[in-house]
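Let us walk through a few spots in this model. Keep the sequence and the 3D view side by side.

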Amino acid sequence: MSDYTEWDEYYRQYPLEELGWELGKPRPILVEYMEKGLIIPRGKALDICCGAGTNTVYLAQNSFDVTGLDISRTAIEIAKKKAHQAKVDINFLAESFIDLPFNDEAFDFVFDMGCFHHVEVEERFKFIAGVHRVLKEGGVYMLTCFSYKNGHSWNHFTKQQIIDLFSGAFELGEVRHYSSLEGDGVIRFFYTALMKKKPLPK
Ligand SMILES: C[S@@+](CC[C@H](N)C(=O)[O-])C[C@H]1O[C@@H](n2cnc3c(N)ncnc32)[C@H](O)[C@@H]1O
């Protein structure tokens with residue numbers, strides 16, 4: 001599902017505490033990778049599908065020059081308020097992840113919490129090519145997506161599927177499988193994969 005109306009409806013209808021993906025704090029795995037130095041907080045970061053901006057603000061508080069992009073205008077308004085309260089400067093855009101409105105090689109880091117798994121099957125390679133295009137050479141993409149362990153679905157992935165989808169354009173590092181108690185009180189399973197942009201063959 002990547003439709004504007006449906007997503008905006010979530011943010012207009014429900015308080016943030018009732019949204020499954022909204023933990024009210026930055027994702028623990030993002031914090032862990034930053035603290036372990038697996039993500040170097042230098043340069044420009046894109047939070048793709050930034051939602052209400054919780055992780056976006058964390059990235060900005062940790063020295064990244066951050067852009068947050070989400071299709072929901074309501075989510076972007078909430079995220080702007082959050083950034084204002086946290087006194088951080090973030091460039092927020094209400095745009096779609098299809099046809100990313102950025103120059104080539106604009107970012108050092110792309111953070112994706114729960115974005116790729118909402119990309120329609122037929123748009124997946126376009127999405128991957130977009131992330132690859134906007135990353136600088138050697139830039140890092142951090143993917144977090146639903147795991148097959150949540151039950152069979154078109155957007156629940158195995159490790160092998162992640163490898164098959166991304167290894168053409170990215171050099172994969174750690175691919176971690178874990179469970180997480182989500183904002184709605186449900187335990188869900190995820191993969192987080194850290195990967196580095198590969199140069200495309202000439
Ligand atoms: C599961 S939520 C994750 C939000 C945020 N990353 C977080 O962790 O709180 C998925 C987000 O993707 C956004 N989204 C869905 N389709 C999109 C599209 N085509 N372009 C940009 N954002 C989209 C939704 O509005 C929603 O905020």
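Is Ser-63 buried, partly exposed or exposed? Ser-63 counts as partly exposed because it has 13 C-beta neighbours inside 10 Å. The cut-offs work like this: a buried residue has 20 or more other C-beta atoms within 10 Å of its own, an exposed one has 12 or fewer, and a partly exposed one falls in between, with C-beta atoms placed from the backbone.

Two notes before going on. The model is predicted, so local features need pLDDT of at least 70 and side-chain atom pairs count only at pLDDT 80 or more, while totals for chains, interfaces and linings use all residues. Residue numbers start from 1 along each chain, as its sequence is written.

Now find Ser-63 in the chain. It sits in the loop between helix H3 (54–61) and strand S2 (65–70). Helices (H or I, at least four residues) and strands (E, at least two) are DSSP runs, numbered from the N terminus. Look at the backbone too. Most residues other than glycine have a negative phi. Ser-63 has a positive phi, near 80 degrees, and is not a glycine.

Asp-99 also has a positive phi, about 60 degrees, without being a glycine. Its place is the loop between S3 and strand S4 (107–113). Asp-99 counts as exposed because it has 9 C-beta neighbours inside 10 Å.

Next, go to strand S3 (residues 90–94), where Leu-93 is found. Leu-93 is partly exposed, since 16 other C-beta atoms lie within 10 Å. Leaving out residues up to four places away in sequence, Leu-93 touches Thr-67, Leu-69 and Pro-101. Contact here means that the C-beta atoms, placed from the backbone, lie within 7 Å. Leu-93 and Leu-69 are 24 residues apart in sequence, yet 4.8 Å apart in space, C-alpha to C-alpha.

Definitions and conventions:
Contact = placed C-beta atoms within 7 Å.
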